[in-house]
Amino acid sequence: MAHYSETPLTPLHFLKSEEILFCIYEEFENDESADQNEKLIYFYPDIPHVNNMMKVNFGGGIHSMSGISGDFFTSSPIDHITLERHVLSLKLVDRYTMVLCTDIDIAPSTVSNHLNHIYKALTFFYKTLGTISKEKKKLEFELNELMQIVTNNIYKNIMNPFNPLPYTPLPNRSQRFFIQASHLIDSISQNDHLGGAIFFRNTVLYSNFELKTTTKFILDKIEYSRKNATNPLILQQQSSQPQSPLQSPLTNSSAGLGGKDSMYNSSSSNIGGLNSGASNLNNINNSNGMGNAPPLYIPEDYHQTVYISPQEYTNLKNKHINTDINQNQNNVFNINKNYNNNNYNNNNNNNNNNNSNNNNNNNNNSNNRKNESEYIAVELLIIYWTDLTIALLTDINPNTQFTIHLEFNKIRLNHNNRILQLSKDLEQSFDNRPSPPTILHSTTISPSNGFHFLSYDSLTSMAVSGGVSTTNEEKFINTCTVVHDTFLQNPDTTQMFLKNLHGEIFCKKQFGREVYYQPKVIYSNNRFLENSDLIIQTHLKDHNINIL
C-alpha cells in the first residue's frame, strides 16, 4: 500500500462522486522520448474533458508511483494506492497493468477484490489481455458494455464487499425444485453439452458451473439482457393485447456482449409459440425483490465463445462419468493428457525464454500468464423463457457456429413442457405465499424481530440477512463489511466483539462461513458477552444457521 496526494488535471480530477475509473496499460518504454500512446489499451469511462494525452500521462504516473514504491519501500508490487479522495487498486498480469479507482469510502480490499472480479470476467469473455490489446478498437463497445455489467451498483450495493450470489429462496420442504432442476440440466446436457445452469427470475436455482466465476458472469449477463431486451416479436404480441399501467414495457435498446460472435435471432426459435407469454414476466431487481416487477421483454437467445479454467472443464467433462460406477477409468477425461502436455510444454519454453530476458517478472505474474494460456474455449448458450433462463456450455467443433440455431430449437422442442411446468410450480410456490421471499442486494432476506444478523458462506457465495434496508440495518451491514475486510487482511483472526451505540456486535469466521449478530435490545450486566454463543445459536437456529 502507498499514500500519495492528488494533483489536478488528471482523469481523477474530473471523476464524479460515486463513479469508477478502470484502465489497462501495457508496460511503458524506458525511453522518455518514446511515443507511449499505443500503451493505452483501454480506458473507462469516456470523460469529455480528458484527452488521450492525459490518459497516457495518468498511466505513466501509475507506473512511476509503482516503480518508486518497488525500488525504495517494498520488494513486491503494491496492490493499491491511497490518495486524498480515491483508492486505486493495481493488478499486474505479464506486461499489462490494470487499474481500478473508486472513492476513498470503499475499503481497499473491496476495490482489489472487485478488480480481480473484472480481470476474471475479461478472461472469461476474451481469454487474455493480449487479445484485448490486439483488438482494442474493435472491442471497445463490447468492453464498455461489460464494464456496465461488472461495475453495476458498486456504490449502491452495500453487500458489494461480499459479492454474494442471489440464490432462489426455495420454500421449506421444497427440495423437489432443486432436484427437478438438476435432473433437467442433466437430461439436456448429457451427451450434448458439458453442463448447465437454471436461473429463476435472475436468481440461481441450480448450477454445476463454478459459482464465483462462470455462474456469476452468466447471471450478470442474463440480468443485464433482461433489463435491456427489446424483442420485436414479443413487442408485437404485447401491443396486440390491452395493457395495464403496471405492464408498460421498457424501451431501452440492447446490444449483445460479444458482438464478434453471431447473435441468434430468437424469432426463428419461437416454434409453435414456445416463447410466448412475455407480458406476464416478473423480474427480480434490487429494489423490489421477488415481487411483481414491471414486465420486460424476453431477450433473444444468445451464444458466444467464452473461456473457462482447465479444472472446471475437467469437472464438467467427467460429471456424467463420475456417476457411473461401472465406468472404465481409462475413459475418464484427464486435462493433463488431452490438452496440457503439448500446450503447456510450449508455453513453458516460451516463458523460460522470456524469463531469461526479463528477470524482474515475479511469480505471481508468471502464474497469471500461465493461467491465461491454459483457458479452454467453449461455447456459451443462453435460452430465455418468461421466468426461467437456461445456460449451457458446450464443446466447440467446426460445425458449432452453423448448427447453433438447431440446438436452440432442439432444446425447446424436447424439453419445453418440463421447463414450463417447473416455471409454473416455482411461480405458484412464491406468489401464493402470504409473505413472498425477497432478495435485496443479492442477499436472501430472512426477517428477524429481536436482532440483526448476517451469514455469509464464502464456498457458495451465499448471503442471508435479517434485513438490509432500514437505517439501523444499513449501519449494521456497514460494520460487517469493515470486519469482513479485517478477516480478509488477517486470516488468523477468527472472532471479534465490537460495540457501538446500538450495543454489542458478535463476529465469527469459521470454516469459510462468517456470522455477524447484534441484539436490538442492549443486554445488561454483560449477559450477552457471557452467554453469546448460546444466545446466538438459539436465535439463529430458526434461520438454519449454526455457529457451533
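## Helices on the sheet

Helix 12 (residues 471-489) lies across strand 14 (451-457), strand 15, strand 16, strand 17 (503-510) and strand 18 (513-519), and its direction is at about 140° to strand 18. Helix 14 (residues 532-540) also packs on the sheet, where it touches strand 14, strand 16, strand 17 and strand 18. The direction of helix 14 makes about 95° with that of strand 18. The model described here is predicted.

The open sheet has seven strands in the order 12-13-15-14-18-17-16, and their pairing is mixed. Strand 12 (438-440) and strand 16 (495-500) are the edge strands, each pairing on one side only. From one strand to the next, the twist averages 20°.

Strand 13 (residues 443-445) and strand 15 (residues 462-465) run parallel and are joined by two bridges. Ile445 has Ser465 of strand 15 as its bridge partner.

## Packing of helix 2 and helix 6

Helix 2 (residues 108-126) packs against helix 6 (residues 211-228) at an angle of about 85°, with the axes 10 Å apart; the two helices are therefore roughly perpendicular. Helix 2 contributes His117, Lys120, Ala121 and Phe124 to the contact, while helix 6 contributes Thr213, Thr214, Lys216, Phe217, Ile218 and Asp220. Of these contact residues, four are nonpolar, three polar and three charged.

## Nonpolar core

The largest nonpolar core comprises 54 residues, and those with the most contacts inside it are Phe22, Ile24, Met98, Leu122, Leu129, Ile218 and Leu393. Helix 2 gives the most to this core, with nine residues. Beyond residues up to four places away in sequence, Met98 touches several residues, including Phe22, Ile24, Leu115, Tyr119, Leu122 and Leu129.

Conventions
Residues numbered from 1 in each chain as written. Predicted model: local features only at pLDDT ≥ 70, side-chain atom pairs only at ≥ 80, totals over all residues. Heavy atoms only, no water. Axes fitted to C-alpha atoms, helices over the stretch in contact; angles between N-to-C directions. Helix = DSSP H or I, 4+ residues; strand = E, 2+ residues; numbered from the N terminus. Parallel < 35°, antiparallel > 145°, perpendicular 65-115°, else oblique. Contact = heavy atoms within 4.5 Å. Nonpolar A, V, L, I, M, F, W, Y, C, P; charged D, E, K, R; others polar. Core = buried A, V, L, I, M, F, W, Y, C linked by side-chain atoms within 4.5 Å. Buried < 20%, exposed > 50% of the residue type's maximum accessible area, 1.4 Å probe, protein only. Pairing = 2+ DSSP bridges.
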